[in-house]
Amino acid sequence: MSAMNPANPTSDVPPATGGNYLTQTRGILSWVFTRDHKRIAVMYLVSILAAFLLGGIFAILVRTELLTPNKTIVEPDRYNQFFTLHGAIMIFLVIIPGIPAALGNFVLPIMLGAKDLAFPRINLFSYYLWLLGALLAVLAIVLGSVDTGWTFYVPYATDVSAGGTLMGGVIPVLLGVFLLGFSSIFTGLNFIVTIHKLRPPSMGWFQLPLFLWALYATAIIQILATPVLGITVLLLIVERAANFGIFHPSLGGDPVLYQHFFWFYSHPAVYIMILPAMGVISEVISVFSRKHIFGYHFIAFSSVAIAVFGFFVWGHHMFVSGQSALLAMIFSLFTYAVAIPSAVKVFNWLATMYRGAIVLKAPMLYALSFLFIFGIGGLTGLFLGALAVDVHLHGTYFIVAHFHYVMMGSTLFAMIAGIHYWWPKMTGRLYSELWGRVAWVLAFVGMNLTFFPQFLLGTHGMPRRYYNYPPQFQFLNVLSSIGSYLMAAGFVITAIYLLHSLFAGRRAPSNPWGGATLEWQCSSPPPTHNFDQPPVVGDPYDFGALKYDAAIEGYVSKT
Amino acid sequence: MSHERETTTPDGSPHPASLQHHFDTPRQQLEAALQGMWLFLATEILLFGGLFCLYAVFRANHPEIFEYAHQYLSKFWGATNTVILICSSFTMATAVWAAQVGRRKTLLAMLALTLLCGCGFLGVKFIEYQHKWKEGLLWGVHFRPEHSAEQFAQHSAEEHVATVSGEHTSSAPATATSRPQLFATAPATSPATSQASPDTQATQPDPSWVFRSPGNGPRGLRPPSAAPASLAPEQRVRNVQTFFAVYFAMTGLHGLHVLAGLAVITWILVRSARGDFSPAYHTPVHMTGLYWHVVDLIWIYLFPLLYLIH
């Protein structure tokens, strides 16, 4: 294995001096072959943000095309490719791995007081699987065209005329999705084993930070749902490459079965996206309210409940796909049931803030907007869970608005909150709080301006994925596009001040925010082995033992 | 791998060579590895779970296809492979035991035997696949079962295509959506498969899918005594290619897993011969054993589901 390379002393050599994980070893090979979870997390973060940029560019192109009816910048076929690439990149490359693989990878072992994940080599392998899958998916952009939508429904995906040549279209993307799925499985597997086996003996299950409960619940879904996606895309590949006759109706196959298989993964995948985000929010809200989290056990178990319920609701994507009425009613019922643990979390976060000393720094601003946006996204989900209403709204912009409120507005905002929250720990630098607030205003206003008009468009009957629309829809479409430009401006500013802080930011103290979880006990950035002294395990939300030290601009222990 | 383990041990540390730096005790490392392996095996079960689900759906919707088409599988070779794999599970279990008690010669012998059994399984699979290939018993559009020689002499391929495409124009929409009409039909998209079409049967008194020569196939691959040729036209089944798609998907994925297992066992064999394992450290043998048992277990389900349909 490549890990035998002698240029790789990183993760197995105890820290010699006071160096940190970024400076311990130098040279490109010390990163390429690293087994240090923190370096792998940084590589993930950089790659995921690059994919985010790409997906964002496609989003802007889609919104620009929709500024006017008929042609604005591109032809209809090109437009179909744009929204497919936007969806596939954002979902498979950004939102699904975003929080677990980048932020989770970094802080999970440190929050446990461990030196690394249980399987460092598998962690690195999982990163390269991700990279290969991402490259394959991007290759499809270069070699051909994919215009099936990110769901790859049969017969769009099997019809050779859709997507150019045999190898230039759907198949590389599907292979990419297969590899990304296995990357996700290995991350989840690593997390579960690490939480089980590398917890210090003094840390019980209910001393785990809630972020880890969220990652644990996510990992369960990753392990149980992703293999089904794996076999589904494999079957779809042979269906397309060899006319297999499993899914294609003209060969005796069953296209609705494909939808069942696809959503059996892809609905739980929605919870792979949102659960880690909820974990980040649990951390941020408690720390920036300077108050113990309210209802720890409820938040912890609601994560597990969402993971479990999430497996029984996939049919709500198929209310109009020809499943039996009884089945549709059962799926509708379970869909409503998922609302319960989600609401439990929201009420506990609100109760945490009640009479807290709220500090409006950038992570908290994003966390507060998460509550607002997730409220809208979650409640509109109930409209769609209602059978009769769904028939009206299915396939309209209402759906687009709903899932962007949940995925983009909630998950991505939580990811940005997490990046800001752990930025001092990861880089050892403080970002500019002023610019952080400016960017937040743009992103928050832009996000709502982009997607709220889409709810209205949807209720008025504008179908999703359409290239053209009647003139009376133009005003709302223009509003939406302007919102997307505002949001893009916010993200660009964020990228600029974060990058700037790497070179010119002030040095971060160990504990700039006053967090009580273990990652704030090691230095910023942490040493390669995470802790020079063994951390003191206590209540992760007990802020009473910390006091602010103005000299170092950070919090220190009172004792 | 083992070389790496030795070099990466921090000098002067109490860690044994096989213990990675972030674990405190060998027991903790073993437990982590085993838990990871079980979780991985759970994902393998779910990977096949998709196929079992596929099987269940198709069989529930179209039982006649399965009852009819399974006759083309050889119970003899299926049973042989089952026996081979069960034996290999035994040798693998013995190998794990030998590693635990430190009997290196037994370990090597048992791993070699397991390897042999695995190769034997794939060999039999090859015989079966080759036969299916020759007979055109394949998936989707490639399903082109051979007619008997006489029927080929009677009708040229062009005539088939002409007849079929003419008659299909009226019935094509129905074939895609309706329930089986209990006679064989070819997919509308592929005129080449029309040799098996029911519409040709209307013009031919006794066409069907029979093997070229019952005596020529390997043992156990002869057609069943109730040959499909003797079925009345209304008893014939359509969309038989679906069964072969399911068959090749399930056995193909399983075959790939056997192949992967053989690669891993070879690697373990090399490491055993090098003396990497001891009663104190034999985790890779243990985990390979677990993987191999799961691969066997999946076949134990595949055999009755595909070969022993009643």
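In the predicted model described here, 63% of the 559 residues of chain A count as buried. Chain A is built from 14 helices and two strands.

Chain B has ten helices and zero strands, and its pattern along the sequence reads α-α-α-α-α-α-α-α-α-α. For contacts with a separation of 6 or more in chain B, residues 24 or more positions apart account for 78%.

A:Thr411 counts as buried because its relative accessibility is 3%, under the 20% cut-off. Leaving out residues up to four places away in sequence, A:Thr411 touches A:Ile95, A:Ile99, A:Met273, A:Ile274, A:Ala277 and A:Val406. A:Pro424 belongs to helix α12 as well, and its relative accessibility of 0% makes it a buried residue. Beyond its neighbours within four places in sequence, A:Pro424 is in contact with A:Arg429, A:Leu430, A:Ala508, A:Pro512, A:Trp513 and A:Ser524. The C-alpha atoms of A:Pro424 and A:Arg507 are 8.1 Å apart, although 83 residues separate the two along the chain.

Some space remains inside the model. A search of the whole structure finds eight cavities of 30 Å³ or more, and the largest cavity has a volume of about 140 Å³. This cavity is lined by 17 residues, of which A:Phe92, A:Ile96, A:Pro97, A:Leu180 and A:Ser184 are the closest to its centre. Three helices of chain A, namely α3 (76-111), α5 (170-197) and α6 (210-242), are the elements that give two or more residues to the lining. The most comes from α5(A), with six residues.

In chain B, helix α9 (residues 241-274) holds B:His254. With a relative accessibility of 1%, B:His254 counts as buried. Apart from residues up to four places away in sequence, B:His254 touches B:Phe48, B:Leu85, B:Phe121, B:Val295, B:Ile298, B:Trp299 and B:Leu302. On the surface of chain B, a nonpolar patch is formed by B:Ile86, B:Leu297, B:Ile300 and B:Tyr301, which together have about 380 Å² of accessible area. Helix α10 (residues 283-307) of chain B contributes the largest share of this patch, three residues. B:Leu297 lies in that helix and is partly exposed, at a relative accessible area of 43%.

Charged pairs complete the description. Over all chains, a search of the whole structure finds eight salt bridges. One of them joins the side chains of A:Lys197 and B:Glu31, at 3.7 Å from N to O. This pair crosses between chains, running from helix α5 of chain A to helix α2 (residues 26-61) of chain B. Both partners are partly exposed: A:Lys197 has a relative accessible area of 23%, and B:Glu31 has a relative accessibility of 30%.

A second salt bridge lies within chain A, where the side chains of A:Glu553 and A:Arg506 meet at 2.5 Å from N to O. A:Glu553 is in the loop between β1 (546-549) and β2 (554-557), while A:Arg506 is in the loop between α14 (474-504) and β1, so the pair ties together parts 47 residues apart in sequence. A:Glu553 is partly exposed at 37% relative accessible area, as is A:Arg506 at 47%.

In chain B, B:Lys125 forms a salt bridge with B:Glu128, and their closest N and O atoms are 3.3 Å apart. The two are separated by about one helical turn because they are three residues apart in helix α5 (residues 104-135) of chain B. B:Lys125 is buried, with a relative accessible area of 4%, and B:Glu128 is buried too, at 0%. Finally, salt bridges that share partners join A:Lys197, B:Arg27 and B:Glu31 into one network.

Definitions and conventions:
Residues are numbered from 1 along each chain as its sequence is written. Chains are lettered from A and ligands numbered from 1 in the order in which they are written. This is a predicted model: local features need pLDDT of at least 70, side-chain atom pairs count only at pLDDT 80 or more; totals for chains, interfaces and linings use all residues. Side-chain values use heavy atoms; hydrogens and water are left out. Helices (H or I, at least four residues) and strands (E, at least two) are DSSP runs, numbered from the N terminus. Buried means under 20% relative accessible area, exposed over 50%, partly exposed in between (1.4 Å probe, protein chains only). Patches are made of residues with over 30% relative accessible area and no salt bridge: like charges are joined within 9 Å, nonpolar side chains (Val, Leu, Ile, Met, Phe, Trp, Tyr) within 5 Å. Accessible areas come from the Shrake-Rupley method with a 1.4 Å probe; for residues, only the protein chains shown count as cover. A salt bridge is a side-chain nitrogen of Lys or Arg within 4 Å of a carboxyl oxygen of Asp or Glu. On a 1 Å grid over the protein atoms alone, a cavity is a set of points where a 1.4 Å probe fits but cannot get out, and a pocket is an open set with protein on both sides within 12 Å along at least five of seven lines; lining residues have an atom within 4 Å of a point. Grid points are joined across faces, edges and corners, and a volume is the space filled by probe spheres set on the points. Contact means heavy atoms within 4.5 Å.
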